Amino acid sequence: MITMNNISNLSVIIQNGEIVNYYGRPSYQKTKRALKHTLIEMMTELPFEQISITALCDRAEISRITFYSHYNDKYALVDDIFQDMIRKGNELYQKHQAEN
């Protein structure tokens, strides 16, 4: 089901309970995935300390304003990546436990 909500002049398209479009920009989750993927890619080329928010955003084709609407800094982004890894590891562990 697709619905269009107007909240304080903000247009939001919701599909199956998830925001899929906001002002014509990529969805919230799609933007976060792009930032995560780009940071991981850049870390194969440069040490984390040398990666700037500006370079990350340029490569991900995302504005700095958008970056900061999702994360406070690059450390919050890398923490989100680690949390994803922990979550996926736990899911695999639970799956293997259920199979045994």
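Biologist: Which residues does L56 touch, not counting residues up to four places away in sequence?

Modeller: This is a predicted model, where local features need pLDDT of at least 70, side-chain atom pairs count only at pLDDT 80 or more, and totals for chains, interfaces and linings use all residues. Residues are numbered from 1 along each chain as its sequence is written, and side-chain values use heavy atoms, with hydrogens and water left out. Contact means heavy atoms within 4.5 Å. On that basis, L56 touches L35, T38, L39, M42, I51, F67 and L77.

Biologist: In what order do the elements run from the N terminus on?

Modeller: Helices (H or I, at least four residues) and strands (E, at least two) are DSSP runs, numbered from the N terminus. The protein has four helices and three strands. Their order is β-β-β-α-α-α-α.

Biologist: Which residues of α1 are buried?

Modeller: Helix α1 covers residues 28–43. Buried means under 20% relative accessible area, exposed over 50%, partly exposed in between (1.4 Å probe, protein chains only). The buried ones in α1 are T31, K32, L35, K36, T38, L39 and M42.

Biologist: Is T38 buried or exposed?

Modeller: T38 is found in helix α1. Leaving aside neighbours within four places in sequence, T38 is in contact with L56, R59 and A60. Its relative accessible area is 6%, so T38 is buried.

Biologist: At what angle do the axes of α1 and α4 cross?

Modeller: Axes are lines fitted to C-alpha atoms, for helices over the stretch in contact, and angles run from 0 to 180 degrees between N-to-C directions. In this pair, K32, L35, K36, L39 and I40 of α1 meet L77, V78, D80, I81 and D84 of α4. The axes come within 10 Å and cross at roughly 95°. That makes α1 and α4 roughly perpendicular (65 to 115 degrees; under 35 is roughly parallel, over 145 roughly antiparallel, the rest oblique).

Biologist: What separates the C-alpha atoms of I81 and H37?

Modeller: I81 sits in helix α4 and counts as buried at 8% relative accessibility. Leaving aside neighbours within four places in sequence, I81 is in contact with K36, L39 and I40. I81 and H37 are 44 residues apart along the chain, and their C-alpha atoms are separated by 9.2 Å.

Biologist: What is the phi of E61?

Modeller: E61 is in the loop between α2 and α3. It is exposed, with a relative accessible area of 74%. Most residues other than glycine have a negative phi. E61 is not a glycine, yet its phi is positive, about 60°.

Note on methods. Expected span 1.5 Å × (residues − 1).
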